Amino acid sequence: MKPPARTPRDVDLPEQVAAVIAAIETDIIRGRILPRTRLIEDHLMEDYDAKRHVVRAALAELQRLGVVTKPRHRGAELPLFTAEELDDLYAMRTVLHRAAAQATPLPVPRARLSEVTAAMKAHAAAARSGDLIRIHRENMAFHRLLFGLCDNPYLAESIRLHDWLSFPARAYGAADPGALAQACAEHEAMVRALREQDRETLEHLSVTHMERARQLYVQKFLAGQVAQRR
């Protein structure tokens with residue numbers, strides 16, 4: 001069987017397009033672009049000093065990744081998840097992460113464990129640097145290598161696609177010092193679980209690791225909805 005097609009993030013993008021995408025992602029993480037914010041081409045051209053075709057290509061890429069939506073009769077915008085949508089999204093991510101942890105062969109070959117360990121350290125270094133887009137990208141790289149250990153390309157690709165779909169909800173964790181410190185500690189604990197062949201801890205962390213960033217989103221945007229459901 002052929003592995004799944006590569007996601008758009010794997011495709012080489014023109015440097016200017018990649019730069020605008022990184023700028024938009026950073027502004028989402030910083031909270032400068034909020035849910036339901038309309039991404040107007042003219043404004044983005046001015047903000048990022050980019051030509052119209054570059055901005056359009058960046059928005060098209062982000063739409064393919066699920067980061068940006070285009071509701072009917074409206075322009076591109078950052079989606080606002082309802083409480084139910086967030087529950088459904090994270091229920092799916094839980095299924096995928098748990099399945100990957102359960103499928104990961106233990107012990108992990110030394111070379112592959114070294115790759116995951118290096119990615120964990122790269123994310124920790126990014127966290128110390130304060131560079132938000134670097135933190136975001138190194139976090140994605142760590143998760144890609146970690147869940148890629150399951151050796152099921154369809155499962156690994158599904159996890160990565162849902163990482164992007166959930167980016168508008170989990171983005172705020174990169175800019176929150178407490179959430180970032182917790183993420184670094186949990187990455188280290190997951191690597192230790194791999195090294196010690198502790199599947200129970202690996203599975204537990206693979207699921208609970210998502211919760212802090214999710215709660216930040218709920219507190220910022222969905223506190224009223226959640227209270228009404230109780």
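Modeller: In H9, the buried residues (under 20% relative accessible area, with a 1.4 Å probe and protein chains only) are Ala 179, Leu 180, Ala 183, Cys 184, Glu 186, His 187, Ala 189, Met 190, Val 191, Ala 193 and Leu 194. This is a predicted model, where local features need pLDDT of at least 70, side-chain atom pairs count only at pLDDT 80 or more, and totals for chains, interfaces and linings use all residues. Residues are numbered from 1 along each chain as its sequence is written, and side-chain values use heavy atoms, leaving out hydrogens and water.

H9 itself covers residues 177-195, a helix being a DSSP run of H or I with at least four residues, numbered from the N terminus. Its 19 residues reach 27 Å from first C-alpha to last, close to the 27 Å expected at 1.5 Å a residue; that expected span is 1.5 Å times one less than the number of residues. Just after H9, Gln 197 has a positive phi of about 60°.

H9 also has a partner: its axis and that of helix H5 (residues 110-129) come within 10 Å and cross at roughly 165°. The two helices are therefore roughly antiparallel, the word for angles over 145 degrees. Their contact (heavy atoms within 4.5 Å) involves residues including Leu 113, Val 116 and Met 120 of H5, and Leu 180, Cys 184 and His 187 of H9.

Notes. Buried < 20%, exposed > 50% of the residue type's maximum accessible area, 1.4 Å probe, protein only. Axes fitted to C-alpha atoms, helices over the stretch in contact; angles between N-to-C directions. Parallel < 35°, antiparallel > 145°, perpendicular 65-115°, else oblique.
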